[in-house]
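Reader: I would like to learn how to read a model like this one. Please take me through its features one at a time.

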Amino acid sequence: MIVETGAFALILALALAALQTGMAVAGRLRRSPVLAGAAEGAAMASALAVALAFATLIFAFATSDFSVANVAANSHTDKPMLYKVAAAWGSHEGSLVLWCLVLTGFGAVLARARNLPFGLKTSAVATQGLLGVLFLAFAVFTSSPFARLNPAPFQGASLNPLLQDPALAFHPPFLYAGYVGFSVCFSLAVAALVEGRANSAFWPAWGRWVRPWALASWAFLTVGITLGAFWAYYELGWGGWWFWDPVENASFMPWLAGAALLHSAVVTERRGALAGWTTFLALLAFTFSMLGAFLVRSGVLTSVHAFAVDPQRGLMLLAILGGTAGLAFALFAWRAPQLKGGGMFAPVSREGALVLNNLFLTAACATVLLGTLYPLILEAMNGSTISVGPPYFALTFVPLMAVAFIILPAGPLLSWKRGDLMGVTQRLAVAAGLAILLAFAGWLMFEPRKALSAAGIGLGAWLILGALAETVERTRLFRASFGETLRRARALPLGAWGTTLAHAGLGVFVLGAVVETGYRVEAARPLAVGEIIEAGPWAVRLDAVRVVEGPNYLAEQGRLTVTLRSGAAPREVVAERRFFPAGGQTTTEVGLDFRGLDDVYVVVGERGRTAAGAPAWNVRVWWNPWARLIFLGPAIMALGGVLSLLDRRLRLGVGKGKGAA
Amino acid sequence: MKRVLLIAIAALGLIGSPVFAQEPPPAPDRPLPDAAQEARAQALFDGIRCVVCQHEAIADSPAVIAADMRQLVREQVAAGRTDAQIEQDLVRRYGDFVLFQPPVRLGTWLLWFGPVALMAAVLALLLLRSRGRRAEAAPLTAEEEARLADIVAGDGLRPDPDAKPSDH
């Protein structure tokens with residue numbers, strides 16, 4: 001009965017979203033605040049209805065109600081409670097409800113926004129409602145998670161055990177909050193195209209409205225992608241964290257577009273310039289989100305042959321994607337030329353730097369898009385199959401980003417309208433000198449010596465130091481008294497701190513990625529109990545292997561001791577191979593020994609025999625130097641996004657040009 | 001997620017569970033005795049795709065065929081063949097699909113040079129436009145004249161929201 005309530009609530013949400021769209025459109029055309037207000041009410045009611053449906057689904061999973069087909073296919077009574085709940089968004093159907101929840105939830109927040117003018121808000125609410133109609137209809141008519149089974153099975157088939165992991169339980173909600181958060185930017189962009197006027201005060205205000213959404217979505221997406229990468233790192237047991245897999249790329253494209261958007265929105269907000277471009281990016285970010293959903297959900301890219309498994313749903317998603325994006329970009333092509341914003345600027349200026357930023361980010365995004373879709377296009381065109389993997393991106397994406405990173409620290413130091421390149425060069429001289437020194441230090445420190453990796457270390461240091469240089473400059477650190485610096489630091493807007501943190505976090509990530517990629521050491525061989533394997537400065541001894549029983553799995557558990565080669569600094573790690581009888585699957589539980597910034601990463605593989613006939617286990621060990629920074633960097637970036645979001649200039653009532661600095 | 005599933009299924013062959021006992025475990029890796037040669041082989045593994053896997057290099061894949069391909073590469077490295085020869089040999093057997101670095105040929109020009117060409121085109125466009133704009137920026141409109149008069153008169157002047165404290 002409760003499950004039927006959920007199914008009903010989902011249909012109700014669809015009806016409410018349709019009502020929201022209709023009333024918003026009518027309200028806008030008749031300029032009726034009553035109708036518009038009713039549309040806003042419907043938006044909130046729709047969100048509540050989806051929330052109810054989602055809660056019902058979680059309830060069905062928590063109580064292991066196997067009469068629900070989705071629960072029977074994706075859960076099991078032996079699963080720990082956290083993963084029973086997380087399984088609610090682990091399947092196609094469940095994740096779609098989560099998608100709709102975020103879509104309508106953000107739509108409700110948009111409907112409650114008080115500082116938007118009537119026309120813009122009503123148009124945005126209508127657009128958001130239409131998106132809700134499309135995705136809710138998709139959920140209700142093709143992917144309802146509430147379908148019953150009769151007779152109900154006694155036991156569920158269990159979720160893929162690889163997904164039984166805390167990082168992955170929280171990965172989809174963050175990822176979806178990011179993906180779908182861009183829907184509000186999309187709706188605001190459509191509304192701006194409908195309502196916008198040329199050369200008016202409209203665009204700076206619009207930039208201020210759209211920027212918090214871009215920032216929040218981007219920060220969510222950053223956290224979501226990082227969680228996913230971290231999960232791949234320690235759960236798949238192959239020592240890597242990013243493989244330019246189509247599914248990874250699918251989440252990376254909206255991130256890049258979103259990063260470009262939140263930078264160009266700054267220009268639109270401050271100077272009223274780049275209005276058309278910012279609108280374009282706002283449309284693009286959500287289009288990439290939908291493309292990502294299509295790529296992952298249809299299976300068209302992970303395997304060309306899996307498309308046949310569920311072509312109908314894939315095609316419907318493609319239709320939604322094509323329809324919304326096609327209409328939106330057609331609207332853009334028609335209206336954008338009429339919407340020239342104001343604000344002239346010299347090529348060397350803050351605006352110019354942000355344009356350059358956007359150029360690089362879009363080119364990078366185009367690279368990822370081409371690399372992801374090209375095999376598919378080529379196969380469709382002439383049947384030849386190619387693979388596009390890490391070497392391609394190392395030759396295209398990485399150099400592009402490297403050049404962008406060299407320019408990046410200058411951006412925040414340039415003033416608006418007309419910048420002083422000489423002055424900026426002087427102010428960055430110390431940071432540049434230090435970065436070159438650090439590159440040299442890195443060259444000496446790591447064996448074997450690699451010029452490219454050393455340059456990468458210098459680049460990471462340059463990003464961090466360059467970001468700090470701005471704060472040092474603005475607080476007059478070392479030049480004024482300490483009290484004066486402190487006073488200035490307090491007076492700095494949160495947005496400035498956010499910029500510094502985000503850029504420094506990027507540098508931290510670059511340091512980690514460069515050092516881990518350039519200097520990781522891998523070793524693998526069969527080990528009998530008591531034997532030692534060495535990787536880099538570390539020695540790993542297999543102490544014991546025993547069979548342990550988990551809540552829903554059996555495991556071969558290896559206990560190992562990680563020491564320095566000299567035998568100093570011993571620490572125990574545990575690595576497991578888990579067998580899940582419910583799904584008949586095996587997973588590896590990596591043993592991770594955190595050593596400062598480094599990881600010693602241990603995988604205990606299948607059992608074999610040594611030459612002498614004693615039992616031995618295939619042990620793989622990686623020394624991943626500075627791997628901690630790879631995940632710390634994005635966390636710092638996301639924090640920077642949150643700080644910017646808290647800046648009071650982005651809040652209500654500060655829209656009349658009296659922003660404080 | 002499909003890839004993950006395949007890894008799991010492939011890994012199953014290794015634990016020797018009765019359900020999947022029919023798939024024989026892959027031959028254990030036999031690293032080359034020469035460390036430099038083994039390092040070369042390892043570097044090659046990262047760029048070669050396991051042909052039955054979703055998106056995995058043979059370096060990482062637990063599949064049987066990946067182990068066979070690793071063995072093949074090691075044999076060829078030991079036989080003194082160059083990296084290019086080994087890769088050509090693999091392409092002859094499995095097609096371009098087997099290398100993670102796609103070839104540069106007529107059909108892939110867009111893939112390799114598309115983004116850079118796009119960037120160059122936009123940059124050129126921007127430069128052209130900024131030149132044109134400088135020329136036409138000379139006369140002020142009536143509205144701008146009025147604003148300028150306002151500013152000169154001293155009111156209507158508002159602080160630059162982004163001015164640095166040190167500028168005041």
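Author: Start with strands and helices. Helices (H or I, at least four residues) and strands (E, at least two) are DSSP runs, numbered from the N terminus. Two strands pair if DSSP finds at least two bridges between them. This is a predicted model, where local features need pLDDT of at least 70, side-chain atom pairs count only at pLDDT 80 or more, and totals for chains, interfaces and linings use all residues. Residues are numbered from 1 along each chain as its sequence is written, while chains are lettered from A and ligands numbered from 1 in the order in which they are written.

Reader: In the hairpin of β7(A) and β8(A), which residue takes a positive phi?

Author: Gly596(A) does, with phi near 60°. Two residues lie between the strands of this hairpin. β7(A) and β8(A) pair in the antiparallel sense over five bridges. Gly591(A) stands opposite Val602(A) in β8(A).

Reader: What is the order of the strands in the open sheet?

Author: First the general idea. Strands of a sheet pair through backbone hydrogen bonds, either parallel or antiparallel. Here four strands run in the order β1-β9-β8-β7 (chain A), with antiparallel pairing. β1 (521–527) and β7 (591–595) of chain A are the edges; each has a single partner strand, so one side of each lacks a neighbour in the sheet. From one strand to the next, the twist averages 20°.

Reader: How many bridges join β8 to β9 of chain A?

Author: Nine, between residues 598–609 of β8 and residues 615–624 of β9, which run antiparallel. Gly608(A) has Ala616(A) of β9(A) as its bridge partner.

Reader: Now helix packing. At what angle do α2 and α6 of chain A cross?

Author: Axes are lines fitted to C-alpha atoms, for helices over the stretch in contact, and angles run from 0 to 180 degrees between N-to-C directions. The axes of α2 (residues 33–62) and α6 (residues 118–142) of chain A cross at roughly 40° and come within 10 Å.

Reader: Is Asp78(A) buried, exposed or partly exposed?

Author: Count neighbours. A residue is buried if 20 or more other C-beta atoms lie within 10 Å of its own, exposed if 12 or fewer, and partly exposed in between, with C-beta atoms placed from the backbone. Asp78(A) has 17 and is partly exposed. Its place is the loop between α3 (69–74) and α4 (81–86) of chain A. Asp78(A) and Ala582(A) are 504 residues apart in sequence, yet 9.0 Å apart in space, C-alpha to C-alpha.
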